[in-house]
Amino acid sequence: MTTTNATRQEPAQSFTLFPQLPVELQRRIWELCLPARIVELDRPITENVTTPCSMYNTSQFNSRIPIAVQICKESRSVALLAGFKQIYDGNFVDSDAPGWKAMNSIKDLWVTPSIDVLHLNYGNCYNVGRDHPSDNPLQFLLWLRRRLGHSTHISIVAPLVLAFNDYQGAEFMTTYEDKNLDLLTEAGGSYLTTLCVVSLHLSLDAALRKEGGMLFGRLGEERVKLVRAGDKTALKAYYKLWAAGPRKALEPVMFFELALVRHESEWLPRVAQWKQRLVTKWVTHNLRKAEAKNNCADIQDPEGIFRTRREDEWRTVLQGNSGPFSDYMRPPRGWAFLNHATDVTNTEHPWVAKVLRDMPCFEPMVMFRLCAEKCYAPKPPRPQHIIGGQGTGRKRHCSV
Ligand SMILES: [Zn+2]
């Protein structure tokens, strides 16, 4: 249908007939207004993310009670039926809950299990240089999913299984990663896996004006979003939102140049390389387990499990300046018994094909965070007595 200037109308700013709609229809509309969130169990830590952004306030806004709870009786009823606060007790009184007391965990977060994704920012960096005082937080995430229902989606960060860059930490800490792989395999399902985190600094009003406010939720309640790493259209939508923001908020410029301008030539090959390395890691992990159980005799042609890379499989050459994201381009560390620079997994090997059938699905994602804190602006010096005080939320500790 052709719309002429004469017939085009501005979108309505109010709808006074809403109370006259059947209650079922009203409730359905309120259901659609509920935020679909990436629910963070812990705040990201700056050891894992190249950013001056504290990310603290974004996490707090993202975990708040939905606005629908406060609008009217019907919307409140819908929100309270679908979601709830305190999915776990801060004191872990539940006897079957794995213990986890991280300094950066988020208390009293709101969860709507049917539409939310439970996300753990925890990576192995937590364990660097200190012993973790409680159980692996991953066990806690999996326990929580069992409690909320197996259909609840869950999400992790890449370093938990295999870092996308060296600085995400501890690729050498294979003991932890191998344990994580076992836990994730046992729990089953697929895992959204965050490769890198990008903070966008702009006002909430600006975020709500773009794309009908869909990039960070209709009411700005979804401050943390995940986008598939290969989804160029979605990446471009966040780019346009950022480009319309303050000129000083330059932090993501290198990321967008890499992920959009060099999308096919550099970004996608890097993501593919991460997947390939993860396959190698999975096969290596299974080989180690077979060795430990003295089952290697059952593997025919063990020499054929890995093969030398073909000429066309060599590592992608850097084609531009990616600034802080150059870290993601560094060649990966190898393992002692495998020349990572020259060897890849031979997926045609029968034993490899068999173990790959049991490999969980790890979907590579990019995390976008809406931060209205103007973190790019120079900070005024703070009085000495405040620095190091309690509850600043900006401490760089991994865990307690
Ligand atoms: Zn910020």
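Is Met-55 buried or exposed, and how many C-beta neighbours does Met-55 have inside 10 Å? I began my notes there. The model is predicted.

**Entry 1: Met-55**

I counted 26 C-beta neighbours inside 10 Å of Met-55. The cut-off for buried is 20 or more, so Met-55 counts as buried. I then placed Met-55 in the chain. Met-55 sits in the loop that runs between β1 (38–40) and α2 (56–62). I also checked the backbone. The phi of Met-55 is positive, near 65°, and the residue is not a glycine.

**Entry 2: Lys-374**

I looked up another residue with a positive phi. Lys-374 is not a glycine, yet its phi is about 55°. I found Lys-374 in the segment after β10. I counted 14 other C-beta atoms within 10 Å of Lys-374, so this residue is partly exposed.

**Entry 3: the chain as a whole**

I noted 10 helices and 10 strands. The chain has 400 residues, and 33% of them are buried.

**Entry 4: helix α4**

I picked α4, which covers residues 137–148 and has 12 residues. From first C-alpha to last, α4 reaches 17 Å, close to the expected 16 Å. I listed its buried residues: Pro-137, Leu-138, Phe-140, Leu-141, Leu-142 and Leu-144. An α-helix has 3.6 residues a turn, so residues three or four places apart point the same way. Just after α4 I came to Gly-149, with a positive phi of about 120°.

**Entry 5: the nonpolar cores**

Which residues have the most contacts inside the largest nonpolar core? I found Leu-141, Ala-158, Leu-195, Val-198, Leu-200, Tyr-238 and Val-366. This core has 65 residues. Strand β10 (residues 361–371) gives the largest share of the core, seven residues. I noted another core apart from it, of five residues, including Leu-34, Ala-68, Val-78 and Ala-79. For context, nonpolar side chains in soluble globular proteins tend to be buried together.

**Entry 6: Leu-195**

I left aside neighbours within four places of Leu-195 in sequence. Ala-158 and Val-366 are among the residues with the most contacts inside the largest core.

Technical notes. Residues are numbered from 1 along each chain as its sequence is written. This is a predicted model: local features need pLDDT of at least 70, side-chain atom pairs count only at pLDDT 80 or more; totals for chains, interfaces and linings use all residues. Helices (H or I, at least four residues) and strands (E, at least two) are DSSP runs, numbered from the N terminus. The expected span of a helix is 1.5 Å times one less than its number of residues. A residue is buried if 20 or more other C-beta atoms lie within 10 Å of its own, exposed if 12 or fewer, and partly exposed in between; C-beta atoms are placed from the backbone. A nonpolar core is a set of buried Ala, Val, Leu, Ile, Met, Phe, Trp, Tyr and Cys residues joined through C-beta atoms within 7 Å. Two residues are in contact if their C-beta atoms, placed from the backbone, lie within 7 Å.
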